[in-house]
Amino acid sequence: MKPFIGITMGDVCGVGPEIIAKSLMDGAVHALCHPVVIGDTGALERARDLVGAPFTVRTLASDAPLDDAADPRVALCVDPGLSVGALPYGEVRPEAGHAAYEFIRIAVDMAQSGQISAIATAPLNKEALHAGGHLFPGHTEILADLTGTTDYSMMLATPKLKVIHLTTHVGMLEAVRRITPERTHRVIRLAWEVLTRSGMASPRIAVCGINPHAGEHGLFGEGEEELKLAPGIAKAKAEGIDVSGPWPGDTVFFRAMRGDFDVVVACYHDQGHIPVKLMSIDEGVNITVGLNGGLIRTSVDHGTAFDIAGKNIVRHESLIAAIRFATELAPKEGATKRPRTSP
Amino acid sequence: MTISRPPAPPPTPLVVTMGDPAGVGGEILAKVWRRREEGRPGDGPIPPFFVVGDPDWLSSLCPIHLLDDPTQAPSVFSRALPVLPERLANPVRLGQGDPENGAAIIRSIERAVALTAAGVASGVVTLPINKHVLQSAGFAHPGHTEFLGELAARHWADAPHEPVMMLACPRLRVVPVTVHMALRRAVETLSIDRILTVARITEAALRRDFGLAAPRLALAGLNPHAGEEGRMGSEDATLIAPAVATLRDEGIDARGPLPADTLFHAEARERYDVALGMYHDQVLIPIKTLDFHGGVNVTLGLPFIRTSPDHGTAFDIAGRGMAREDSLLASLHLAGSMARTRAESGI
């Protein structure tokens, strides 16, 4: 059975409604899943007319039963009724910021009640979000707040490479400081959990080193690999997880793409982002892993692009990729497993 | 697109050092020589080269021709591998480094540089050595490159010699501003002076040896998103930005600090001729991910041309026929092209 995937509209003044309308026209999306838009009906209809899509929009309440015999010519839209569909494209509007927040809140409710299996998010505008009264740096922090999560990680995925991060948006010195055996162990487990729940039998996890050549046995570095990474790896191994490393950064990503590993644990932002964006600038998907309740959220890797919103020139490949990974990583029936020993 | 004519060979042959004969060097050398007639688009056939190495070892790998005079190398190259003899103390045992052979390995490097200094060879291509084997034979240098720097000082007393490592493949050139040190130490020792030194040497080399009239340098930011105005580390604003401003004042086409994660995809690569990264993995990850087998290690900042394969001796697979010759092949092509360009530019 195809899963229901929630697609949040993000900021209606940006390119979100357009990429959603284009994606709903795309047979690939309907082959993967049953898409459910969580957004504004008016904004979706306006975008549909802009891109020349043939579907009609059926507005639903968030608790309405979903029908798995859904017709691809009818777009399902869960709409909180904030009537933001006529706001001008390309402008920062507090109403749009508040609506973007509400779309996410509803999506989390729907995921928690089991109506949808995962969430793919269209971009929001941070300035509008703040003007709308929601003082979060971005999607990830909103989702963490709504699910009561404190310990999560960013995964980047392309068809050939998945990377999960020990640290992300901090300076390099701070990143090295923040890496601990506990964090290493936690992120290995997060990777293991998301992949096993999605149906992968025994994911092979590789941990990348911090220093050049993974420290080359203490030649480069102050033993960070031994102090910060190795104990976390050993603990995960003892729990029955197939994890190896620390491996040299310059070869581990090539090896993963060749098929040696299913996911690489990167120590810091650029270490994981460089290989992913090098290979697939259009196909890279950002995934928040570790949200309470096993909620999977995937995101497009671009912003609201106010400068081109409403012009029908935006590309929607990134949203298709986000929907693809939401489907792939959504928890599957009967796939929930435990490693040999619990943590 | 211009119509290309087959490039002329470099003015004199290249010289290849023996490297550690217990490693994969001999195997890849013989594989490359067998492919001597093959061209690469825009490159023509492999430029003629000769090896300073042990005749017994090399003759077990492919037909060789012993040279009295290295200038004969191009005329015999199509029939046999031209060899200038440098005899090993002991027979080669593959996979087992032999310190007693260290002296000959080191002499091969010294002679290759001396022949280049004398104008007999137009550039040096080094096969991998094993530092641990050579150190037990009394080799006191941290690595190959540092040793070459010392030899440069011996032969070119007045020329500057500050070795800078560049890695090159057909789709990307990268230079790490800091190399083999801990990440934390790389951040702590990064300085405006170091960035300027590396950038200036890189720019000069791209003009002289790569035929670029106005090389475009892209400097990667150190921190995520190039620091995002100091929110994630201060070094992008305090070190890299001022260095870029100074370089631009000097007339160098430098840009940065640029977010490193979006610097290496195909479209971004069109906008520069070389990317300078602030630490080892920042540039090694993209080039090895893009071209795992064909990367070349080029030493800039020496008075002579030097390239080498970007892998080691690989004792574990030596003699098993598994080693790929792509990187050595690319090293020879690139050294030949650099020698040609340097001769034509006359700088």
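Me: Which way do the side chains of S2(A) point?
Reply: A:His34, A:Val36 and A:Ile38 point one way from S2(A), A:Pro35 and A:Val37 the other way, and all are buried. Buried means under 20% relative accessible area, with exposed over 50% and partly exposed in between (1.4 Å probe, protein chains only). Strands (E, at least two residues) and helices (H or I, at least four) are DSSP runs, numbered from the N terminus.

Me: What kind of model is it?
Reply: This is a predicted model, where local features need pLDDT of at least 70 and side-chain atom pairs count only at pLDDT 80 or more, while totals for chains, interfaces and linings use all residues. Residues are numbered from 1 along each chain as its sequence is written, chains are lettered from A and ligands numbered from 1 in the order in which they are written, and side-chain values use heavy atoms, leaving out hydrogens and water.

Me: Why is S2(A) largely enclosed?
Reply: Five of the five residues of S2(A), residues 34–38, are buried, so the rest of the structure largely encloses the strand.

Me: Which strands run parallel to S2(A)?
Reply: S1(A), residues 4–8, is joined to S2(A) by five bridges and runs parallel. S4(A), residues 74–78, also pairs with S2(A) in the parallel sense, over three bridges. Pairing takes at least two DSSP bridges between two strands.

Me: And what is the bridge partner of A:Val36 in S4(A)?
Reply: A:Leu76.

Me: Switching to S8(A), what does it join?
Reply: Three bridges link S8(A) to S9(A), residues 243–247, in parallel. Three bridges also link S8(A) to S10(A), residues 263–266, again in parallel.

Me: Which residue stands opposite A:Val207 in S10(A)?
Reply: A:Val265 does.
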